[in-house]
Amino acid sequence: MLKMGRVERYIHDRLREGKLHFVLLDPDDVSPETAGKIAGMSEEIGVDAIMVGGSIGAEGEVLDDVVKAIKENSTLPVILFPGSHGGISRYADAIFFMSLLNSRNPFFITGAQALGAFQVKRYGIEPIPMAYLIIEPGETVGWVGDAKPIPRHKPKIAAAYALAGQYLGMRLVYLEAGSGAEKPVPPEMISLVKKVIDVPLIVGGGIRTGEQARRAVEAGADIVVTGTAIEKAGSLGKAQKKLKELNRGIKG
């Protein structure tokens, strides 16, 4: 059995104290300089970890430079959130080693994972097994991952997939509406999924306001991921204001 590593222990230790806020930065949308500044602000505000990745273009030197800039400006754990096996950087602390369980394409369920496994081992990156589920509308990640998005009004389907992921040995479940989604994952779906699983539940996609973040937490989300609302804020000052609003919504 895969032993729990430092970053996963950190997540569980923090969860004993309350809900967590992770900020997702896409190397295709932010420069290394901006990523570093956002990471520094995030740590000051009380964010718990920085995720790095994206559906398109988040790999190679572009990815490495963003990860290094974050590490230089923050002591928060940097967790890779890869769109495929190319989204691996030797400079990160951990990787969400995830399977897109509701993909129509086996490549995103086990294929990309097999192609990236040796690289994760060679670089000594901590793998954290995670069940990844795309909820309507799914946005870019749903299209790229050839997902069959779970209907928003069918929470029981999401719960069944989430429980299956746990039974398959995955130690986190992530409900994803898609970056920039018009609406976040419905609270009713979050609530039912949380009732049936025993592992931490992550929720992301379409969370633009502190109120939306608060609703996700009240419904049962253990970790809320925000990103697009911060990246698209327009300036670092506005990004900082948005970060504070979202963090208050999650942590009270």
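Biologist: Why is Tyr132 called buried?

Modeller: Tyr132 has a relative accessible area of 4%. Buried means under 20%, so Tyr132 qualifies. Keep in mind that this is a predicted model.

Biologist: And why does Phe81 count as buried?

Modeller: Its relative accessibility is 6%. The cut-off is under 20%, so Phe81 is buried.

Biologist: What makes the aromatic pair of Phe81 and Tyr174 stacked rather than edge-to-face?

Modeller: The angle decides. The planes of Phe81 and Tyr174 stand 20° apart, and the centres are 5.3 Å apart. Centres within 6.5 Å make a pair, and planes under 30 degrees apart count as stacked. So Phe81 and Tyr174 are a stacked pair.

Biologist: Where in the chain do the two partners of that pair sit?

Modeller: Phe81 is in the loop between S3 and S4, and Tyr174 is in strand S6 (residues 172–176). They are 93 residues apart, and the pair links distant parts of the chain. Both partners, Phe81 and Tyr174, are buried.

Biologist: How many aromatic pairs does the rule give?

Modeller: The count comes to four aromatic pairs. One of them joins Phe81 and Tyr132, with ring centres 5.5 Å apart and planes at 85°. Planes over 60 degrees apart count as edge-to-face, so that is the label for Phe81 and Tyr132. Phe81 lies in the loop between strand S3 (78–80) and strand S4 (94–100), while Tyr132 lies in strand S5 (residues 126–134), so the pair ties together parts 51 residues apart in sequence.

Biologist: Which residues form one aromatic cluster with Phe81?

Modeller: Tyr132 and Tyr174 do.

Biologist: How do you know that His21 is buried?

Modeller: Its relative accessible area is 0%. Buried means under 20%, so His21 passes. His21 sits in strand S1 (residues 20–25).

Biologist: What makes the approach of His21 to Thr226 a polar contact?

Modeller: The distance between the side chains of His21 and Thr226 is 2.7 Å. The limit for N or O atoms is within 3.5 Å, with one able to donate a hydrogen and the other to accept it. The side chains of His21 and Asn247 also form a polar contact, at 2.8 Å. Beyond four places in sequence, the residues that His21 touches include Val47, Asp48, Val224, Leu243 and Ile250.

Biologist: How are helices H2 and H10 packed?

Modeller: H2 and helix H10 (residues 236–251) pack at about 35°, with their axes 10 Å apart. In H2, residues including Thr34, Lys37, Ile38 and Met41 meet residues of H10, among them Leu243, Lys244 and Asn247. By class, this contact has six nonpolar, four polar and two charged residues.

Biologist: What about H2 and H3: at what angle do their axes cross?

Modeller: The axes of helix H2 (residues 32–45) and helix H3 (residues 60–73) cross at roughly 35° and come within 8 Å. H2 passes H3 in a right-handed crossing. The H2 side of the contact includes Pro32, Gly36, Gly40 and Glu43, and the H3 side includes Asp65 and Asn73. The contact divides into six nonpolar, three polar and two charged residues. Gly is counted as polar here.

Biologist: And how do H6 and H7 cross?

Modeller: Helix H6 (residues 155–167) and helix H7 (residues 187–196) have axes that come within 8 Å and cross at roughly 35°. The crossing of H6 past H7 is right-handed. The residues in contact are nine nonpolar, no polar and two charged.

Biologist: Why is Glu139 called partly exposed?

Modeller: Glu139 has 33% relative accessibility. Buried is under 20% and exposed is over 50%, so Glu139 falls in between. Glu139 lies in helix H5, and its phi is positive, about 50°, although it is not a glycine.

Biologist: What makes Asp146 partly exposed?

Modeller: Its relative accessibility is 31%. That value is between 20% and 50%, so Asp146 is partly exposed. Asp146 is in the loop between H5 and H6. Asp146 is not a glycine, yet its phi is positive at about 50°.

Biologist: What kind of peptide bond joins Glu136 and Pro137?

Modeller: A cis one, with omega about 5°. Pro137 is in the loop between S5 and helix H5 (139–144).

Definitions and conventions:
Residues numbered from 1 in each chain as written. Predicted model: local features only at pLDDT ≥ 70, side-chain atom pairs only at ≥ 80, totals over all residues. Heavy atoms only, no water. Helix = DSSP H or I, 4+ residues; strand = E, 2+ residues; numbered from the N terminus. Buried < 20%, exposed > 50% of the residue type's maximum accessible area, 1.4 Å probe, protein only. Contact = heavy atoms within 4.5 Å. Axes fitted to C-alpha atoms, helices over the stretch in contact; angles between N-to-C directions. Left-handed = near helix turned anticlockwise from the far one by under 90°. Phe/Tyr/Trp six-rings, centres within 6.5 Å; stacked < 30°, edge-to-face > 60°.
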